[in-house]
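Here are my notes on the model you sent over. Have the structure open beside you as you go through the points.

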Amino acid sequence: MHGHEWDATDAAGPAPGGNPVRLDGHRLVPLATALLQDDGLILHWSEDAEALLGYSADEAVGSYAARLFTGEADRPEVLALFERIMAGKGWSGVFPVRHRDGHHVELELRTYPIAGPGGTLLLLATASDTAALHRVEADLAVLDGIFGQSPIGMAVYDTDLRYVRLNEALARMNGVPVEDHLGRRISAVLPGINGAEIEQTMRQVLVTGRPVVDARSHGRVPGDPRRDRAWSASYFRLEDSTGRVFGVCSSIIDVTERFQAEARAARAQERLATIAEATSRIGTTLDLQRTAEELIEAVVPRFADFATVDLLEPVLRGAEPSAIPDDRSVQLRAVAVGESYESGLAHAVDTVGEVSEYAPERSYTQCLRSGRPLLRAHVDQEVLRGLVASEDRVAPGIEAGIHSYLMLPVTARGMVLGGAEFIRMRNPEPFTAADVALAEELVARTALAIDNARLYRRERETALTLQRSLLPQEIHRTLGLEIAYRYLPSSVVSEVGGDWFDVVPLSCGRVALVVGDVMGHGIRAAATMGQLRTVARTLATLDMPPEQVLTRLDETASGIGEGQFATCICAVYDPLERTVQVASAGHLPPVSVSPDGTARKIDVPPGVPLGVGGVAFESIEFTLPEGGLVALYTDGLVERRGQDIDDGIDLMARTLAGPGRTLEQSCDAVLGALVTDGTDDDIAMIMARVLPLPSDRIADLPLTGGGRLPGKARRFTRATLDAWGLAALSDYAELLVSELVTNALLHADAPRRLRLFRDRVLTVEVADAGGQTPQLRPFAEQDEGGRGMFLVSELAQRWGSRLTRDGKVVWAELELPFGTV
């Protein structure tokens, strides 16, 4: 036992040594109290005393302390000490006290003599377990060591989130002395960081008790006010074993370098993601404007708040752009503009389709000329003045908030095609060298796609020009036949096909209808189509029957080159007989509609496609009555992916069977029924409807019976022409008729028929049973004959012959007088 005495008058002040350890008013070590009479009888016994020594209040109160807590050997010494204390001397020290279970507990005791009721003298005793005190002292020493020596920032906050304690490491980190933290909240000490967010996290920890690890904070502190910093903090709730909450403790590490590295990595990842997304997005079509729009969509708003793409005029025409001269301005047309929000800047730049002219000294022009990027990380009024095309665009740009600008020439294959501009307004970061590298990658990809689109456009325009120039520019009116047609190029931008159609006027009012389809697409198919159409037209004008036209056309296709195949159908209509002679080379069958509206497919021998070679073609003949209709078409009209082609033909036939339509309306009805969402192939279609022949346009004379047939034919001819008001042609017509009938009498079986036909010309034709075509033969002056066909050739504008199923027809044409219809 050891201790010391002190005067009782000190009882009102703090007791030396043995003060209980407290934090925020809460005890950490139990403090037992007892009140004794002057004879040692226990009057009061606290709960902490019960916990410390094991005696309940019922057991302790009313007992004598010396007997209860000491052995026989120690009791005299304890009684003597008690007498000195009661004489007015206080005492403090360490004393072994017996626990209820028999073992001794080392207590640090402190006694206070006090005056009781009626002036009686009482003794107040307080005691703490010395072992617990030593543990607390050790813990406090460790805590002090951690706070004082730890290199990381540490802080304790009360339940109002005010600083209670922090170490020097955190004070240095913040640049604020320790004493300037205490009693204040984070938001008051460090206004330059995200204090509200941090305090919200701490409140969450206080309420839930769940720790938070690696909570990021950022901003600027008084110790480093010019640089953004970042910290990683962990928070946990302080509470005792009973669950009473004292506050929040935090540990804080400066992670600025790691944060910056992560930010750089995130930006690099963002750039890679932008490039990856742009790769899949840019260049999906062969369309100049759409490609430029895809670049805009890839960079706004991820990379820039505002972006434009402008192209040189020659590029838009598909031509080769030339180098930009040093002393000339440059004109560009806006093809794509995009912004991330309504900034008002769109009203200060060219809208899509408008042209801007940049003077030679402008930064924009110089950038295009050099082919190198133009970066203006920080833009003010003076900088912007050198960038825009005109002065009136400076003020709107400044008002919109332009603060950083990047422009790159759109360059492909060493040629400058235009320029791409990128602008930041809301995005606070200026463009950097890394942004330039990213933009170069995106613009280079765009430039290549644009140049491919330019080259494709040029090839497509060439093919389309060729294709259209080879199609009929005008359909001549045909007597006795109404004709309508449609030609629709493929709705697929990249396709130029080889479909064609033609209407070829023939002799004697007849007309050839030709529809063909070269297999494949592109300029080669268009060129092949042009050759085949020209040959087919030439062959038809030679009065060859359809099967012979296809035979010769097949030879032509075989000679064009390997792999050049085409389907074709050729039909010749005779308005006088109202017959249609038709042959097919692997083409779809024609559809005919009778006057009563009945529609059917015409069964034509299918034949093989042109270019296969060595296969004969066959033709059939059918009558098309007055009011009847026939339609020829290519497979682009009736063929659809996933659908049987016969279904398309049947739908076309049902559509044509509809009553009460004009021929033009029938064409539109067929397209409306079969072409609902575009087509992958070209479409060519001809429809022809039989009209009644006017009685004053044709005259027939059977050449049968006896008598002088040439004279009979001359008289018929003069009478007919007089009735038609063509008496001026009577002399020439009589000579032609006389020679043709005489020639038939001399060189063929008897002539059968004389026909006069007035359309664009006056046609005289004589049919006979002979199979040998007339020829122009040389003759001598002394020869008495042989001059008949020579005279016909001299008198007629054009003459010829054609074979028929029962002989031939020889015809000659005379030009009608001017003004005669």
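**Notes on the model**

1. Let's begin with the surface. The protein chain has an accessible surface of about 39200 Å², and carbon and sulfur atoms hold 52% of that; areas come from the Shrake-Rupley method with a 1.4 Å probe, and for residues only the protein chains shown count as cover. Please keep in mind that this is a predicted model, where local features need pLDDT of at least 70 and side-chain atom pairs count only at pLDDT 80 or more, while totals for chains, interfaces and linings use all residues. Numbering starts from 1 along each chain as its sequence is written, and side-chain values use heavy atoms, with hydrogens and water left out.

2. Now the chain as a whole. Of its 821 residues, 47% are buried, where buried means under 20% relative accessible area, exposed over 50% and partly exposed in between (1.4 Å probe, protein chains only). The protein chain has 23 helices and 34 strands; these are DSSP runs numbered from the N terminus, with helices being H or I of at least four residues and strands E of at least two. Among contacts (heavy atoms within 4.5 Å) with a separation of 6 or more, 62% link residues 24 or more positions apart.

3. Which residues touch the most other members of the largest nonpolar core? They are Phe303, Val309, Leu311 and Phe422, in a core of 60 residues. Helix α15 (residues 433-470) gives the most to this core, with 8 residues. A nonpolar core here is a set of buried Ala, Val, Leu, Ile, Met, Phe, Trp, Tyr and Cys residues joined through side-chain atoms within 4.5 Å. Another core, of 44 residues, lies apart from it and includes Leu513, Ala571, Ile602 and Leu610.

4. Phe303 is worth a click. Leaving aside residues up to four places away in sequence, Phe303 touches Leu406, Phe422, Arg424, Asn427, Phe431, Asp435, Leu438 and Ala439.

5. Next, an open sheet of 5 strands, in the order β10-β9-β13-β12-β11, with antiparallel pairing; two strands pair if DSSP finds at least two bridges between them. β10 (163-166) and β11 (212-221) are at the edges with a single partner strand each, so one side of each has no neighbour in the sheet. From one strand to the next, the twist averages 30°. Strands β9 (residues 153-158) and β13 (residues 245-254) run antiparallel and are joined by 6 bridges, with Asp158 opposite Gly247 in β13. Helix α8 (residues 195-208) packs on the sheet, touching β9, β11, β12 (224-239) and β13, and its direction makes about 5° with that of β12. Axes are lines fitted to C-alpha atoms, for helices over the stretch in contact, and angles run from 0 to 180 degrees between N-to-C directions.

6. Another open sheet has 5 strands in the order β30-β31-β32-β34-β33, again with antiparallel pairing. Its edge strands, β30 (698-702) and β33 (798-804), each pair on one side only, and the twist averages 15° from one strand to the next. β30 is joined to β31 (residues 751-758) by 5 bridges, and Pro702 stands opposite Arg753 in β31. Helix α21 (residues 709-724) lies across β30, β31 and β32 (761-768), at about 15° to β31. Helix α22 (residues 730-747) lies across β31, β32 and β34 (807-815), at about 15° to β32.

7. Finally, the cysteines. The structure holds 0 disulfides, taken as pairs of cysteine sulfur atoms within 2.5 Å. Cys249 counts as buried because its relative accessibility is 7%, and Cys367 does so at 5%.
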